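Q: I'm new to this one. Can you show it to me and walk me through it?
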Amino acid sequence: MNKVIIIGCGGVGTVCAYKCAQNPDVFNEIVIASRTKAKCDAVAKAIGAPNITTDQVDADDVDQLVALLNRHKPNLVINLALPYQDLTIMEACLQCGVNYLDTANYEPRDEAHFEYSWQWAYRERFEKAGLTAILGCGFDPGVSGVYTARAAKHHFKEIHYLDIVDCNAGNHGKAFATNFNPEINIREITQKGRYYQDGEWVQTGALEIHKPLTYPEIGPRESYLMYHEELESLVINYPTIKRARFWMTFGQEYLTHLRVIQDIGMARIDPIMYNGVEIVPLQFLKAVLPNPQDLGANYTGQTSIGCRISGIGKDGKPLTYYIYNNCDHHAAFEETGMQAVSYTTGVPAMTGAMMFLKGLWVKPGVHNVEEFDPDPFLEQVAISGLPWHEQFNIDLEL
Ligand code: NDP
C-alpha cells in the first residue's frame, strides 16, 4: 500500500492532489494536510475520490509534523507548502522514517536568499536512514533539470551552453497579480540577477539584462535574466557547462507595478511597527493582492518553458537543441480549477512522487532531479498533461 501526504493546499497542492487521485493504482491513499484544514476539505470534496483524507498541521513546528507523520505513516511527503517549511519537514521525515519531495529550495524568512546548501547539508542523514529526498521537482526547478538530463543522456557528449527559458504569455485580466504565492514570487524577482560563466558566478542588477526571445506558438517576448536555483545543481552535475542562465518573460505593466511596489517600500521583508503591531510589508501586500488560485477562471493564453542547449553532440559534431512544453491556462483550469503555473508545478510533483513509489527514483540521500533517470519521468509527465517537444540544430537566439 502506497500512502502519500501532500503538505500545503494552495494552487500547486490542489493540482498535485487532483493528479495523484487520477492514479489510484499508484497513490493508494492520499492525505492532504495544511495550515487551514477547511481548504484541504474543500479540495478533497471537489475531487470526490474515496481514497483522500485531510488533516491540519503547522509545518513550521517539527513536533506537529512528527505527530502528523506518526498518525498517518505515509511512504512519502510531497511538500507543497512554502520554501520556509522545507527544513522542518525534512527534519520530521528523518525522525519518522519518511521519504521527501519538494518543488522549491529552502529560504530563510528574513533573507531572500536562494541556495541548496541548507538542504544538501541533510545528505548524510538521509543516506544513513536509507531515505530518499528529491529536491526541486516542479517545472523550474524540476522538469528543467530533467530536460537537461535527457539532453545529456541521449543527445550530447558535452553540454556547453544551457539557457532555461520561461515564458508566461497568459492574460488574467488583472492590473497586477502574481501567478504563485505573491510573497515568494516578489522575493524571487526583486533579487539580483546571477548566471554562471567559465566556473564563476556573475552578478547583475535585478532584471538588468534582457532581450526578446521567440517562444513556440507565442512569438517574441521580452525575456529577463534572473537567478534561479536549478542552475546551482546543474552546473555541478554537468561540469562541461561553460555558461548557464535562466530567462523569464515579464510584461511592461507587471514591471511598472513591481518598480512602484519596491519604490514605496512594500517589497520590504523586514518587520515594521504599524499601529503598535509588527507587520512585514510584503506579507501585508500579499493579503491585498489577488489570490493566485482565483486567477484561473478568466486566464487565457499559454506558458512555454524549456531548455535551449548547445554543445557537442554524441556524434562529435556541434549541436543545438531546444526541448519545451507549452501549457494552456484555460485547459489547466478546466481540469483542476487552477491556472497553468500551478498546473506545470503540480503535475511534475505528482510525477516525481510516482517515480519514487514505483521504485524508479529511489536513491537514499538528498538529490536534485537530474540525478535520476529522465526517461520514465518524461514518459509519464507527457501522459499526465505536460507533453514535450524537441527541435534540433535551430537558431537558439542566445
Ligand atoms: P500557495 O501560497 O498557493 O499555497 C501554499 C500552501 O501552503 C497554502 O495552502 C498554505 O496554507 C500552506 N502553508 C503555508 N505555511 C504553512 C505552514 N506553516 N504550515 C502548513 N501549511 C502552510 O503557494 P503555491 O501553491 O503557489 O506554491 C506552493 C509551492 O510551490 C511554493 O513553495 C512555491 O515556491 C512552489 N512553486 C514551485 C514552482 C516550480 O516550478 N518549481 C513554481 C511555482 C511554485 P494557508 O492556505 O493556510 O495559507
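A: One term before the rest: a residue is buried if 20 or more other C-beta atoms lie within 10 Å of its own, exposed if 12 or fewer, and partly exposed in between, with C-beta atoms placed from the backbone. This is a predicted model, in which local features need pLDDT of at least 70 and side-chain atom pairs count only at pLDDT 80 or more, while totals for chains, interfaces and linings use all residues. Residues are numbered from 1 along each chain as its sequence is written.

Q: What are helices and strands here?
A: They are DSSP runs, H or I of at least four residues for helices and E of at least two for strands, numbered from the N terminus.

Q: OK, helix 8: how many of its residues are buried?
A: Six of the eight residues of helix 8 (residues 182-189) are buried, so this helix is largely enclosed by the rest of the structure. The buried ones are P182, E183, I186, R187, E188 and I189.

Q: What do the buried residues of helix 8 pack against?
A: Strand 11 (219-226), helix 10 (252-263) and helix 11 (281-288). Contact here means that the C-beta atoms of two residues, placed from the backbone, lie within 7 Å.

Q: And helix 9, how many of its residues are buried?
A: Six of the eight residues in helix 9 (residues 230-237) are buried, so the helix is mostly covered. Those residues are E230, L231, E232, S233, L234 and V235. Their cover includes helix 7, strand 7 (156-168), strand 8, strand 12 (243-249) and strand 17.

Q: How do strand 1 and strand 2 pair?
A: In the parallel sense, over five bridges, with strand 2 covering residues 29-34. V4 stands opposite I30, and the bridge partner of I5 is V31.

Q: How much of strand 1 is buried?
A: Four of the five residues of strand 1 (residues 3-7) are buried, so the strand is largely enclosed by the rest of the structure. Strand 2 is mostly covered, with five of its six residues buried.

Q: What about strand 4 and strand 5, how many bridges?
A: Four, again in the parallel sense, between residues 76-79 and residues 99-102.

Q: Switching topic. What domains does the chain have?
A: Domain 1 (3-135) and domain 2 (143-339 + 388-392). The bounds come from an automatic or database domain assignment. The centres of the two domains, taken over C-alpha atoms, are 24 Å apart. Their contact takes 14 residues from domain 1 and 15 residues from domain 2.

Q: Which element gives the largest share on the side of domain 1?
A: Helix 1, with four residues. By class, that side of domain 1 has eight nonpolar, four polar and two charged residues. Ala, Val, Leu, Ile, Met, Phe, Trp, Tyr, Cys and Pro count as nonpolar, Asp, Glu, Lys and Arg as charged, and the others, Gly among them, as polar.

Q: And the ligand, which residues come nearest?
A: G8, G10, A59, G138 and F180, of the 34 residues around the ligand. A residue is near a molecule if its C-beta atom, placed from the backbone, lies within 6 Å of it. The shell divides into 15 nonpolar, 14 polar and five charged residues. Domain 1 and domain 2 each give at least three residues to this shell, and helix 1 (11-21) and helix 13 (340-357) each supply at least two.

Q: Where is the cis peptide bond?
A: Between D140 and P141, with omega about 10°. P141 sits in the loop between strand 6 (132-135) and helix 7 (143-155). Most peptide bonds are trans.

Q: What is the phi of D198?
A: About 50°, a positive value although D198 is not a glycine. D198 lies in the loop between strand 8 (193-197) and strand 9 (200-204). D198 counts as exposed because there are 8 C-beta neighbours inside 10 Å.

Notes
Pairing = 2+ DSSP bridges.
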